[in-house]
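The sequence and structure are shown first.

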Amino acid sequence: MNIELTRFRVKKGKSERVDEWLTFLKDNIKDVLVTLEGEKMYVETIFREHLNGEEFLYWYSVQGEGGQEVEQSEHWIDKKHLEFWDECIDETFTPVDLKTEVVMIPEKVKSVMS
């Protein structure tokens with residue numbers, strides 16, 4: 001199982017577009033959840049932060065081994081998601097992977113995940 005929390009910087013001037021992106025994901029949640037199956041993504045959560053005049057998105061995920069990469073997907077949701085990503089995420093900023101210190105998942109939940 002792979003558990004990650006990664007920070008990405010939003011491009012300047014793209015905050016409204018991020019609003020649209022997150023609304024798109026919420027409005028299409030049924031299809032979003034279908035795409036997670038192929039990725040073996042058990043949990044995926046997006047957090048948003050404004051800090052020192054910059055905007056960041058954080059991805060928290062709990063993923064099984066051997067899942068499909070989102071870039072390999074042919075699903076329309078993933079294609080649109082990647083369009084938003086390319087438009088909004090600042091590729092000049094090195095993503096920051098926060099260090100996992102403690103994982104607290106009850107065994108009965110873990111057994112259902114695998």
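How many of the 10 residues of E3 are buried? Eight are, and the strand is mostly covered; buried stands for under 20% relative accessible area, with exposed over 50% and partly exposed in between (1.4 Å probe, protein chains only).

## Basis

This is a predicted model, in which local features need pLDDT of at least 70 and side-chain atom pairs count only at pLDDT 80 or more, while totals for chains, interfaces and linings use all residues. Residues are numbered from 1 along each chain as its sequence is written, and side-chain values use heavy atoms, with hydrogens and water left out.

Helices (H or I, at least four residues) and strands (E, at least two) are DSSP runs numbered from the N terminus.

## Strand pairing

Two strands pair if DSSP finds at least two bridges between them. Strand E3 (residues 54-63) runs antiparallel to E1 (residues 2-9), and eight bridges join them. Serine 61 of E3 is the bridge partner of glutamate 4, and tyrosine 58 of E3 is that of arginine 7.

E3 is also joined to E2 (residues 41-51) by 10 bridges, again antiparallel; methionine 41 has glutamine 63 of E3 as its bridge partner. E2 and E3 form a hairpin with two residues between them, and asparagine 52 in the turn has a positive phi of about 50°. E1 pairs with E4 (residues 96-97) in the antiparallel sense over two bridges, with threonine 6 opposite aspartate 97.

## Helix packing

H2 (residues 29-39) and H3 (residues 76-88) pack at an angle of about 95°, with their axes 9 Å apart. Axes are lines fitted to C-alpha atoms, for helices over the stretch in contact, and angles run from 0 to 180 degrees between N-to-C directions. H2 is therefore roughly perpendicular to H3, the term for 65 to 115 degrees.

Asp31, Val32, Thr35 and Glu39 of H2 make the contact with Trp76, Ile77 and Asp78 of H3, where contact means heavy atoms within 4.5 Å. These residues divide into three nonpolar, one polar and three charged.

## Nonpolar core

A nonpolar core is a set of buried Ala, Val, Leu, Ile, Met, Phe, Trp, Tyr and Cys residues joined through side-chain atoms within 4.5 Å. The largest has 15 residues, and Val18, Trp21, Leu25, Leu57, Trp59, Trp85 and Ile89 have the most contacts inside it. H1 (15-27), E3 and H3 each give two or more residues to this core; H1 gives the most, with five.

Leucine 25 touches Val32, Ile46 and His81, not counting residues up to four places away in sequence.

How values were computed
Angles under 35 degrees count as roughly parallel, over 145 as roughly antiparallel, 65 to 115 as roughly perpendicular and the rest as oblique. Ala, Val, Leu, Ile, Met, Phe, Trp, Tyr, Cys and Pro count as nonpolar, Asp, Glu, Lys and Arg as charged, and the others, Gly among them, as polar.
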